[in-house]
Amino acid sequence: MNRRGFLSFVPKTAAIAGFPTLLLNAHAAEGVTAKAITIGCSGALTGPLGGFGKSTRIGIDAAMFEINAKGGINGRTLALDMVDDAYNPARTAENVKKMISGGSVFALSSCIGTPNNAAIFPMVEESQIPYVSPTTGASSLRKAGLNNVFHVRASYTDETQRLVQNIVSMGLKGIAIAYLDNAFGKEVLADAQKALTAAGVKAVIEAPVATDGKNLPEAVANIMAAKPGAIFLATAGAASVTLLTAIKKVSPTLPVVSLSVAFSAENLKQIGELSSGIAITTVIPDTTRTRMAVQREYQAAMRAMGNTDFASGSIESYIAFQIIAEGLERAGKDLTRAKFRTAVAGLRNFDIGGFNINYSASPYVGSKYIDLAVLSAGGRIVG
């Protein structure tokens, strides 16, 4: 992505206190019957990240339909228990606590949000329930000793460094950072500060944005008073929509850059033409193209479900379930969590249609894939 390509599209917690100790030797086949394996997920189906949760569910459904249509895994079909948490970490923790203590799920996948995952990781490790593909890129959640967590996407730190290096190389001056006022936003802010410092640049303003948007007028006023040359959105979901809309009303030509999680497919529909010229990082192959086999396979699975609303959130969860399916296949018919965990940890250069997963040691991070792109007025990647 170069300056001309970018600017040409710009229109002129910790675990819940008191959580009981979980039995480490709980029945190995919880969430497994003779005919089915149930995977659990707590995700935002409503609230500020509701669009991400809906997209996640669509991708999982497409993957499960595809897998089950082929006979499932070792004679068992896959099932999903997804519970809404509205992006509330306490609700995420309560949902996962019930899944673990009730023995209703075999493994977890695709729980959404940095503070939400921070709330459940201690439970995951204590119970030793396998967890594939947390929907977060937070480096603070990628620490050695997390032996049951298998990340898929590259980290926010890596995304931020790549994005900052690129916008600095394009000669954009006066970077403003608008960050979500929670654990996610503050961590991305710290990453951006480090990346800017390394490039010899300092942000002209760092503006917190409340998750409920209550301080939006104040945040926008402060940002515009700093007279930025570009704005870095360290926000996600509804906050990104309201912030971008407000900024573009005041300064339609202000260049905007963001991480991959800033907008869901639903958000891009909401902002419409305002998406034109937004520069973003991507950590999953573009869903609208067909160069890679995984893109073609994902699209075919979505169409089989009668859905052509391709989005990064759904292909990410689709990929997650390809990893789960491979781990289950390798673990064998006499399935246990320990066998599954060992199988997933043993994946080396596992090729999902050109998207490679490699787990070698804790912290397990499967992919370093990062690309840069510019969005069109319809939210499609154009460069």
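Just after helix α10, glycine 306 takes a positive phi of about 75°. The model described here is a predicted one.

**Helix α10**

Helix α10 covers residues 293-304, and its 12 residues should span 16 Å at 1.5 Å a residue; the end C-alpha atoms are 16 Å apart, which agrees with that expectation. Buried in α10 are Val294, Gln295, Tyr298, Gln299, Ala301 and Met302. Viewed down the helix axis, the buried residues of α10 fall within an arc of 160°, so they line one face of the helix. In an α-helix, residues three or four places apart point the same way, because there are 3.6 residues a turn. The table lists the elements against which the buried residues of α10 pack.

| Element packed against α10 | Residues |
|---|---|
| α2 | 50-69 |
| α11 | 312-331 |
| β11 | 350-352 |
| β12 | 355-357 |

**The sheet**

Six strands form an open sheet with parallel pairing, in the order β2-β1-β3-β4-β5-β13. Its edge strands, β2 (77-84) and β13 (364-365), each pair on one side only. Strand β1 (residues 36-43) runs parallel to β2 and is joined to it by eight bridges. Isoleucine 37 stands opposite leucine 78 in β2.

**Nonpolar cores**

The largest nonpolar core has 78 residues, of which Ile231, Phe232, Leu243 and Phe263 touch the most other members. Apart from neighbours within four places in sequence, isoleucine 231 is in contact with Ala176, Ala178, Ile223, Ile247, Leu254, Pro255, Val256 and Val257. A second, separate core of 49 residues includes Ala63, Phe150, Val152 and Phe340.

Conventions: Residues numbered from 1 in each chain as written. Predicted model: local features only at pLDDT ≥ 70, side-chain atom pairs only at ≥ 80, totals over all residues. Heavy atoms only, no water. Helix = DSSP H or I, 4+ residues; strand = E, 2+ residues; numbered from the N terminus. Expected span 1.5 Å × (residues − 1). Buried < 20%, exposed > 50% of the residue type's maximum accessible area, 1.4 Å probe, protein only. Arc of directions from axis to C-beta. Contact = heavy atoms within 4.5 Å. Pairing = 2+ DSSP bridges. Core = buried A, V, L, I, M, F, W, Y, C linked by side-chain atoms within 4.5 Å.
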